[in-house]
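Please find below some remarks on the model under review.

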Amino acid sequence: VHNEVQSIEKVTAEFAALVPEAQVRFGHGQMRERELEQLMVDFYHRRFNVLVCTTIIESGIDVPTANTILINRADRLGLAQLHQLRGRVGRSHHRAYAYLIIPSRRALRPDAAKRLDAIESMEDLGAGFLLATHDLEIRGAGEFLGEQQSGELTEVGLTLYLDMLEQAVSAFRAGREPQLERPLASVSEVDLHVPAFLPEDFVPDVHLRLALYQRIAAATALELQDMGGELVDRFGPLPEPASHLLQLASLRLGARALGIRRMEVGPQGGSAQFETANQVDAATVIGLIQRPAHDYRMDGPLKLRFTRGLSGIPARFAFAGQLLQDLAGPAAALKAGNIGS
């Protein structure tokens with residue numbers, strides 16, 4: 001592939017001189033339609049060995065016997081172009097080779113080097129989506145909401161940027177100002193000091209484990225119940241760490257609904273850290289603090305501490321669930337006063 005019509009004849013002659021035993025012809029988009037069509041038919045039927053051409057073969061060309069492609073000045077082509085051109089070979093049972101010809105890496109522009117690194121690292125089937133993601137991060141996503149948005153997502157990465165964008169849009173739709181200084185503050189953390197993971201002998205495939213972790217993290221309460229049954233059906237009885245993982249995910253949903261940023265429950269007690277804007281029932285918190293046992297106290301305006309012997313893991317889960325239920329108040333459906341307001 002030589003993507004310059006002006007010099008393609010010269011390059012073809014040079015290639016033919018390098019490999020005199022090969023039959024070399026060239027083609028480009030400025031040729032007459034019938035002539036170009038006959039050229040491609042001849043190449044398909046192997047009437048000559050080497051086709052020197054522009055990027056007109058980028059899509060729609062299927063030559064099963066073509067097993068090698070050389071792309072001259074690959075640094076001048078886009079990531080999608082390189083991916084498409086690389087796919088022109090290896091379309092049959094023949095092992096294929098793609099060679100990207102570039103000048104010295106020191107002479108490459110930073111974006112060109114990133115494109116080449118990306119295309120070099122993506123060799124598996126289904127890599128097209130990952131390449132598109134890399135391309136978006138390299139070039140920028142253009143204007144999503146503001147005039148100066150282009151390219152800024154490279155500071156945080158595409159996935160995190162989309163999460164931040166989704167939360168900001170949701171806040172605007174709900175009539176609230178997005179928390180731009182802490183855009184991901186709605187993510188709650190629950191730590192019960194227990195092992196919570198999918199064991200390797202339970203789900204052996206690492207890619208599947210990662211996909212399941214992602215599904216659990218994004219699941220609703222109903223989806224978590226379904227996932228528990230799905231895991232049992234697919235892999236057998238849940239080991240304790242896997243069961244803990246699902247229970248913690250459920251507790252996180254409850255904490256997030258109440259505006260609890262972090263809840264920690266250990267063998268001797270723990271704490272609950274509230275967001276400034278929360279749905280925790282103030283009367284319940286006051287009642288807990290005034291208990292004769294004095295096992296609850298406020299540590300600042302937004303942190304509730306508690307002392308309790310909880311050496312057993314089931315006891316910690318039961319206590320955490322009950323605490324969330326208590327903090328929701330007797331009328332959980334109604335918006336109660338905010339702690340710290």
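Which element gives the largest share of the lining of the largest cavity? That share, four residues, comes from H9. The points below set this in context.

1. Basis of the note. This is a predicted model, in which local features need pLDDT of at least 70 and side-chain atom pairs count only at pLDDT 80 or more, while totals for chains, interfaces and linings use all residues. Residues are numbered from 1 along each chain as its sequence is written, and side-chain values use heavy atoms, with hydrogens and water left out.

2. Overall composition. The chain holds eleven helices and nine strands, taken as DSSP runs numbered from the N terminus (helices: H or I, at least four residues; strands: E, at least two). Of the 341 residues in the chain, 35% are buried; buried means under 20% relative accessible area, exposed over 50%, and partly exposed in between, with a 1.4 Å probe and protein chains only. Among contacts between residues at least 6 apart in sequence, 62% join residues at least 24 apart, a contact being heavy atoms within 4.5 Å.

3. The cavity. On a 1 Å grid over the protein atoms alone, a cavity is a set of points where a 1.4 Å probe fits but cannot get out, whereas a pocket is an open set with protein on both sides within 12 Å along at least five of seven lines; lining residues have an atom within 4 Å of a point.

4. Lining of the cavity. Ile216, Ala217, Ala219, Ala249, Arg252, Leu253 and Arg256 line the largest cavity. Helix H7 (206-218) and helix H9 (240-258) are the elements that give two or more residues to this lining. By class, five lining residues are nonpolar, none polar and two charged; Ala, Val, Leu, Ile, Met, Phe, Trp, Tyr, Cys and Pro count as nonpolar, Asp, Glu, Lys and Arg as charged, and the others, Gly among them, as polar.

5. Helix H7. The end C-alpha atoms of H7 are 19 Å apart, which agrees with the 18 Å that its 13 residues should span at 1.5 Å a residue; the expected span is 1.5 Å times one less than the number of residues. Arg209, Leu212 and Ile216 are buried in H7. These buried residues fall within an arc of 65° seen down the axis, so they line one face of the helix; the arc is that of the directions from the helix axis to the C-beta atoms. The face turned away from the buried side carries the exposed residues His207, Leu210, Gln214, Ala217 and Ala218. Helix H8 (221-235) and H9 are included in what covers the buried residues of H7.

6. Helix H9. H9 has 19 residues and reaches 27 Å from its first C-alpha to its last, close to the 27 Å expected. Its buried residues include Pro241, His244, Leu248, Ala249 and Leu258. The buried residues of H9 pack against strand E5 (189-191), H7, H8, strand E6 (260-266) and H11. Gly259, whose phi is positive, near 80°, follows H9.

7. Helix H10. Thr284, Val285 and Leu288 are the buried residues of H10 (residues 282-289). They cover an arc of only 100° around the axis, which puts them on the same side of H10.
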